[in-house]
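Q: I'd like to go through the charged pairs in this one. Can you take me through them?

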Amino acid sequence: KAPLAVIFLVGSTLEGLLMELATSQSTRFLAASSAPKVKGAAKPVEKWTLAELIAVSRELGVLGPDVSEHADQVRNFRNYIHPRRQLQEKFEPRIETAEIAQQVLRAALADLSKLASSSTP
C-alpha cells in the first residue's frame, strides 16, 4: 500500500539492471549512436542516467520499443522522488499506477532474459 515507493523501487531496479548490462558490455554500449557524449567523447557508462541507459538499450535491441517507451514513463514517475516536485504537481499515484510500473519491470526482465538465453551456447 505504498505505490510511490513501488515506483521508486521499480525505477531503481531497472536502472541497476541496465547499468550492470551496460557496464559488462561497455564496448557495445559505448559504440551505439545514441550513447551520450561529453565534448564529443563518449560519456563513461558509470555516469549514464536511466534515460540514457534506456535509449541505448532500445537502440541495441536490449529492450523492445514497447518496453523502452513504458520504461521512460516509469523513469518520469520515479522523478517524483523529489518531494517538492511531487507536491507542486500534486502527484498521488494509485496502487494501479504502481502495478503498471511493476508490469514494465516484468517486461524488461523478459527482454533481458531473452537476451541472456540467446547469448548462451
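A: Arg-78 is a place to begin: this residue is buried, with a relative accessible area of 14%. Keep in mind that the model is predicted.

Q: Which side chain does Arg-78 meet in a salt bridge?
A: The side chain of Glu-15, at 2.6 Å from N to O. Glu-15 lies in helix α1 (residues 3-24) and Arg-78 in helix α4 (residues 65-78), so the pair ties together parts that are 63 residues apart in sequence.

Q: Is Glu-15 buried or partly exposed?
A: Glu-15 is partly exposed, at 22% relative accessible area. The cut-off for buried is under 20%.

Q: Why would such side chains pair at all?
A: Opposite charges on side chains can pair when the charged atoms come close.

Q: How many salt bridges does the structure hold?
A: The structure holds five. One of them joins the side chains of Arg-58 and Glu-69, at 3.8 Å from N to O. Arg-58 is in helix α3 (residues 50-59) and Glu-69 is in helix α4, so this pair links parts 11 residues apart in sequence.

Q: Different pair now. Where do Asp-72 and Arg-75 sit?
A: Both are in helix α4, three residues apart, so about one helical turn separates them.

Key
Residues are numbered from 1 along each chain as its sequence is written. This is a predicted model: local features need pLDDT of at least 70, side-chain atom pairs count only at pLDDT 80 or more; totals for chains, interfaces and linings use all residues. Side-chain values use heavy atoms; hydrogens and water are left out. A salt bridge is a side-chain nitrogen of Lys or Arg within 4 Å of a carboxyl oxygen of Asp or Glu. Helices (H or I, at least four residues) and strands (E, at least two) are DSSP runs, numbered from the N terminus. Buried means under 20% relative accessible area, exposed over 50%, partly exposed in between (1.4 Å probe, protein chains only).
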